[in-house]
Amino acid sequence: MARMMYREAVLSTIAEEMERDENVVVLGEDVVGGNGTAGGPEAIGGIWSTSAGLYGKFGADRVIDTPISESAIMGAAAGLALTGKRPVAELMFADFIGVSLDQIWNQLAKFRYMFGGKTKCPAVIRMAWGAGYNAAAQHSQAVHHILTGMPGLKVVMPSTPADVKGLLRTAIRDDDPVIFLEHKALYGVKGEVPDDKDFMIPFGHARLSRAGNDVTIVSTGLLLGFCEAVADKLAAEGIGCDVIDLRTTSPLDEEAILDSVEVTGRLVVVDETNPRCSLAGDICAMVAEKAFASLKAPPISVTPPHTPVPFARELETAYLPSIPKIEAAVRKVLSYR
Amino acid sequence: MQLSRDQLLRAYRQMKVIREFEERLHVDIQTGEIAGFTHLYCGQEAVAVGVCEHLSTDDKIVSTHRGHGHCLAKGCDVDGMMAEIWGSRDGLCKGKGGSMHIADVDKGMLGANGIVGAGAPIAVGAGIAAKIDRKGHVAIAFSGDGACNQGTTFEAMNMAVVTKAACIFVFENNHYSEHTGFEYAVGTNKDIASRAEAFGMKIWRGDGTDFFSVFETMREVLDYVRAPGNGPAAVEFDTERFFGHFEGDPQRYRGPGELDRIRETRDCLKKFRASVTGAGLLSDADLDTVDADVMEAIETAVTKAKAAPRPKPEDVLEDVYISY
Ligand SMILES: Cc1ncc(C[n+]2csc(CCOP(=O)(O)OP(=O)(O)O)c2C)c(N)n1
Ligand SMILES: [Mg+2]
């Protein structure tokens, strides 16, 4: 085991996979970070420090600094993937799917199916997502509900350094396009990470981060930590919560959720996407369809409101689900008779 | 053409307001009281002011993530902008937008923009509206050397040409997009204007660290685009950014002494002062009076921003068509 930050887990996994397989290539804006400057390439090494040192180790052919051209970056990832490479493309902020969506949605995601299964499309699209930095409406969004709704994409959202390691390795070795969502607020979080260079976590297997028999709480990303805090607080009162970290939203580990709800009968889904056509709504509906008889109370979702992400600290705090809001929802679902 | 004493004083004041607004933010951001990502415009003042001094409120501009200078030059209220960046309820956007989304549509300022390359297509729309209205108004898209590589910018340039939109693409080449050099990222002849020319536009170039170069260049550009039937134009200004890409950028990509050198030799305010005092048009004392006045205005703006009411949680649900 090694102790490292979430961002270090991203970088070291990419480096290990590049070492193992020469077809793995990295591309994105500023992933080298200093090309064409007096400070020399690698002066900065990527805006999130998730590519620092790769250029020196693997060279310009495999670590490709791109102009600000997201559509071409995503399209190039598609082209690389169709021709035998395993691109790991960085879309600096998840919000930028806006400028590049066709290449992700109509191209990458659809090739294998449209081509009658005659091709693989092993591309990983990494992106930083989420609020909490007062980065306002165009640099703070949660977009996994949009991407999860697109057939052909796998959507991964790790919440610990160990999960970054195991899931990113699986993503790079997967033959389908994988969206890999890194929550900005988690980059500095530290945790124990297995040393094994083949450590992989299969997609579609949720992680039970707290166990209890009274309520099921489902979450991902930054908010998972909030849910754990609520569970720990309630545990002291003798209330037991299952906290399920989804890890991947496509595929979705329905079984883990349903098994838990069968025991607890009460469900709270906490998610950072807006409420309409959301992940929370999707999971509540799935449970209502498949475990109606187990439910002792209507499921509750805790999400931001149906608004863009506001800038000011007070507004962003009001926008995001918080520990008190999650706790209130859990108490509400418990008090339902 | 000779500018009047008042015009010179006004241009200098506008540039100085931008400079001190940004220098003050650079200091205040370090206290941690200002939230979010802030990209300072220091060093490029001559471009914003040299362009906007020609414009009326009926002319539109679309800005970028580095938008404070464009906003101030276009007439956005200093207090309202400072309050917005401080995230207060008195801010121009009620604290909802912040540094990257300052807008004042009544002033013809159609918004700073957090998405690189998003501005140019919007300016095309405003430029088509101006063409339809036939009053000689124009729409201007400010873009960086990084933004000139975005497909949206290419599409906008071609569409402006084929629709003969009354629009001007102003490219501010400060040699960096984030941490990557212009030399690396722009493939054509190492310049942007020739790329615009290839789209079928008339082009100009100017020194973006010299107010007079920008102002005189823009006079020609605007005469051309305001004339019915000519359609769009593009102009590239070579300029410098004095701070990092965003506040907090360690700037390891800079060469040794680079920042000192550009502050010494490429400072539009120093150049302006040397030029107008050298020609006997204004005295140092005239300019010093402006300086003192601007410092006071910035101090007032900061004091007001700090004292302004904070947004209320329920404000989150306002200004959107429906809330759940
Ligand atoms: C679509 C999109 N891609 C990337 C970014 C991240 N980003 C913000 S500013 C910037 C560099 C812009 O460079 P340039 O256009 O030269 O403007 P400057 O910062 O020099 O003013 C980048 C890559 C973004 N905000 N939007
Ligand atoms: Mg630039």
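Housekeeping: I'm working on a predicted model, where local features need pLDDT of at least 70, side-chain atom pairs count only at pLDDT 80 or more, and totals for chains, interfaces and linings use all residues. Residues are numbered from 1 along each chain as its sequence is written, chains are lettered from A and ligands numbered from 1 in the order written, and side-chain values use heavy atoms, leaving out hydrogens and water.

**Metal site.** I find B:Asp145 (OD), B:Asn174 (OD1) and B:Tyr176 (O) coordinating the magnesium ion at 2.1 Å. Donors here are N, O and S atoms within 2.8 Å of the metal (3.2 Å for Na, K and Ca), and water is not among the atoms, so the site may look incomplete. B:Asp145 sits in the loop between β2 (139-144) and α6 (151-163) of chain B, and B:Asn174 in the loop between β3 (167-173) and β4 (176-177), so the pair ties together parts 29 residues apart in sequence.

**Ligand 1.** I see ligand 1 lying between chains A and B. I noted two polar contacts (N or O pairs within 3.5 Å) from its oxygen atoms: one to a backbone atom of B:Gly146 at 2.7 Å, one to a backbone N or O atom of B:Tyr176 at 2.9 Å.

Conventions:
Helix = DSSP H or I, 4+ residues; strand = E, 2+ residues; numbered from the N terminus. Near = heavy atom within 4 Å. Polar contact = N/O pair within 3.5 Å; in protein donor to acceptor, adjacent residues only side chain to side chain.
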